[in-house]
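Student: Can we go through the surface and the pockets of this one together?

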Amino acid sequence: LVASTRYLLRWIRTKSLKSLAYAAVALGFCDLTRNEAAGAAVAGLVVVVVVSYAQHAEASGHRLTAAFHDGAIFFLPFLVAAAGWAIASFVIVGQFFPQFTSIYGNSSQEAFLTHKHISGRISYELHAITSLAPLFAVILVAALVVAAWRRDARILGPIGVIGGALAFDVAAYLQNSIENFYRYFITVVP
């Protein structure tokens, strides 16, 4: 996630397709390791399309086409990695996403656990995030203010990639899809 964010920031600054491709490949590798890459890929795709559309000075139709092309460059390595991983899983165990659907996956394990009420889950998430990054809210607000003052779109890079991964975990915990382990919220550290 950090490598993808780094190259996405470089792409926002320089418009180098090489940097966009590096960001995309890093995100594809991230998907081979953690499920949070799905949230980062979707949020990052939105960032890439919006930034690309805003920064192209051509006619409206060409701006939209260029934005979709940049989005495809960013999203396709993630999509290929996710599809490849799912196909490999199907060939090996007969299920596309055994981490969710098998008797040893998250879904069956979560079915036998006692879960907190929604207020308890929200309280735990706030506790986990503030324990891992005590100044997170202060730094985020300061970064947003400075970015708005400078009119700097680079703030969207970390918000899209790292924020997308964190949002994925926050939503998964709120829906009782994952357990209350700090490791799920570690993306708040960078």
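This is a predicted model: local features need pLDDT of at least 70, side-chain atom pairs count only at pLDDT 80 or more; totals for chains, interfaces and linings use all residues.

**Patch and pockets**

Tutor: Ile87, Phe90, Val91, Ile92, Val93, Phe96, Phe97 and Phe100 make a nonpolar surface patch of about 800 Å². Numbering starts from 1 along each chain, and side-chain values use heavy atoms, without hydrogens or water.

Student: Which helix gives the most to the nonpolar patch?

Tutor: Helices are DSSP runs (H or I, at least four residues), numbered from the N terminus. Ile87 is found in one of them, H4. With 5 residues, the top giver is helix H4 (residues 60-93).

Student: What volume does the largest pocket have?

Tutor: A pocket is an open set of points on a 1 Å grid where a 1.4 Å probe fits, with protein on both sides within 12 Å along at least five of seven lines; lining residues have an atom within 4 Å of a point. Probe spheres set on the points fill the volume. For the largest pocket, that comes to about 710 Å³.

Student: How many charged residues line the second largest pocket?

Tutor: Its lining has 18 residues, with Phe136 and Pro190 among those nearest the centre. Asp, Glu, Lys and Arg count as charged. The lining splits into 15 nonpolar and 3 polar residues, and the charged ones number none.

Methods:
Patches are made of residues with over 30% relative accessible area and no salt bridge: like charges are joined within 9 Å, nonpolar side chains (Val, Leu, Ile, Met, Phe, Trp, Tyr) within 5 Å. Accessible areas come from the Shrake-Rupley method with a 1.4 Å probe; for residues, only the protein chains shown count as cover. A salt bridge is a side-chain nitrogen of Lys or Arg within 4 Å of a carboxyl oxygen of Asp or Glu. Helices (H or I, at least four residues) and strands (E, at least two) are DSSP runs, numbered from the N terminus.
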